Structure formats: C-alpha cells, structure tokens
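Keep the structure open as you read.

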Amino acid sequence: MSFLLKVLREGLGRLIVFIDWVSRPRPIKRTSEAQATVDSQTKSLALYQFYACPFCIRTRRAIQKLNLSIETRDIRQYNHYREELEANGGKVMVPCLRIEEAGNVRWLYESKEIIRYLNERFGEESIEVAA
C-alpha cells in the first residue's frame with residue numbers, strides 16, 4: 001500500500017511540475033542597473049526544496065515572477081543539503097529560505113512567509129522597474 005501511495009504522490013508531483021512549466025509567470029522587467037542590484041542581493045539567499053513539492057513549486061513561481069536568481073538546493077537529491085537544513089535550520093521541512101544578512105543567518109519556513117518576504121524585499125514597489 002505504501003508503494004502505491006509513493007507512486008501516486010510522485011506522479012501527482014510530476015503532473016504539478018508539468019502544469020507549472022506550461023503556465024510559468026512572466027518575470028518582471030527591471031532596468032539593467034536595478035537587476036544587477038537584485039542579482040547581487042540574491043547571492044545571500046538559498047532555497048531548500050523538493051523538486052515536485054507543491055509548496056516549493058509555489059515558491060519557485062514567485063521567484064520566477066520576481067526575476068530573482070536564487071540558488072535552489074534539492075534536499076532529496078543531495079543528502080548534504082538535507083543534513084545542513086536539519087543541523088542549521090532546526091528541522092527538515094521545505095520550502096525553507098536561507099537568508100544571510102550582515103553575517104547572520106536565519107531560516108525562513110512556510111511558502112507564504114517566504115513569498116511575503118521576497119515580495120517585500122524585491123517586489124515592483126521596492127525596486128526600479130523598466131518601462
């Protein structure tokens with residue numbers, strides 16, 4: 001029975017990934033200077049995730065829409081990311097955004113909270129957008 005549930009969950013995950021791929025949001029456009037600023041700021045961010053997790057897909061869609069270059073770390077594919085998340089973040093739960101600011105690291109869980117943070121920091125109101 002657990003094998004059947006695993007196959008069903010994996011199949012549904014892949015279907016969600018496909019739907020995400022065909023309906024991907026258009027990224028916002030910024031001036032080249034503003035985009036360079038955003039790109040330098042996102043170097044201090046990393047998203048711990050599963051490829052086919054619906055909440056992770058939701059978070060990646062927001063990242064795509066905001067035109068952010070955030071490193072993704074799949075904790076199923078690379079066990080050292082899983083260990084790092086558990087040791088430093090405190091729990092193995094995805095999505096989780098690792099935020100490094102002024103030498104301090106914090107771990108932000110929950111897709112809604114991550115998306116809220118990204119919108120506040122990088123949304124159209126916070127950065128100059130190209131006309």
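Start with Glu84, which counts as partly exposed because its relative accessibility is 24%. The model is predicted. The side chain of Glu84 meets that of Arg73 in a salt bridge, 2.9 Å from N to O. This pair links distant parts of the chain: Arg73 sits in strand E2 and Glu84 in helix H4, 11 residues apart. Arg73 has 14% relative accessibility, so Arg73 counts as buried.

The model holds 5 salt bridges. Another one joins Glu101 and Arg121, with the closest N and O atoms 3.6 Å apart. Glu101 lies in strand E3 and Arg121 in helix H5, so this pair ties together parts 20 residues apart in sequence. Both ends are partly exposed: Glu101 at 33%, Arg121 at 22%. Shared partners also join Glu71, Arg73 and Glu84 into one salt-bridge network. Glu100 pairs with Arg98, and their closest N and O atoms are 3.2 Å apart. Glu100 is partly exposed, with a relative accessible area of 35%.

The largest nonpolar core has 14 residues. Leu45, Leu68, Ile70, Leu97, Tyr117 and Leu118 touch the most other members. Strand E1 (45-49), strand E3 (96-101) and helix H5 (111-122) each supply at least two residues of this core. H5 gives the largest share, 4 residues.

Finish on the surface. Lys6, Arg9, Arg76 and Arg82 gather there in a patch of positive charge. Arg76 is placed in the loop between strand E2 (71-74) and helix H4 (79-89). Its relative accessibility is 56%, so Arg76 counts as exposed.

Conventions: Residues numbered from 1 in each chain as written. Predicted model: local features only at pLDDT ≥ 70, side-chain atom pairs only at ≥ 80, totals over all residues. Heavy atoms only, no water. Patch = residues over 30% accessible without salt bridge, like charges linked within 9 Å, V, L, I, M, F, W, Y side chains within 5 Å. Areas by Shrake-Rupley, 256 points an atom, 1.4 Å probe, with all protein chains shown as cover. Salt bridge = Lys/Arg side-chain N within 4 Å of Asp/Glu carboxyl O. Lys, Arg positive; Asp, Glu negative; His and termini not counted. Charge placed at Lys NZ, Arg CZ, Asp CG, Glu CD. Buried < 20%, exposed > 50% of the residue type's maximum accessible area, 1.4 Å probe, protein only. Core = buried A, V, L, I, M, F, W, Y, C linked by side-chain atoms within 4.5 Å.
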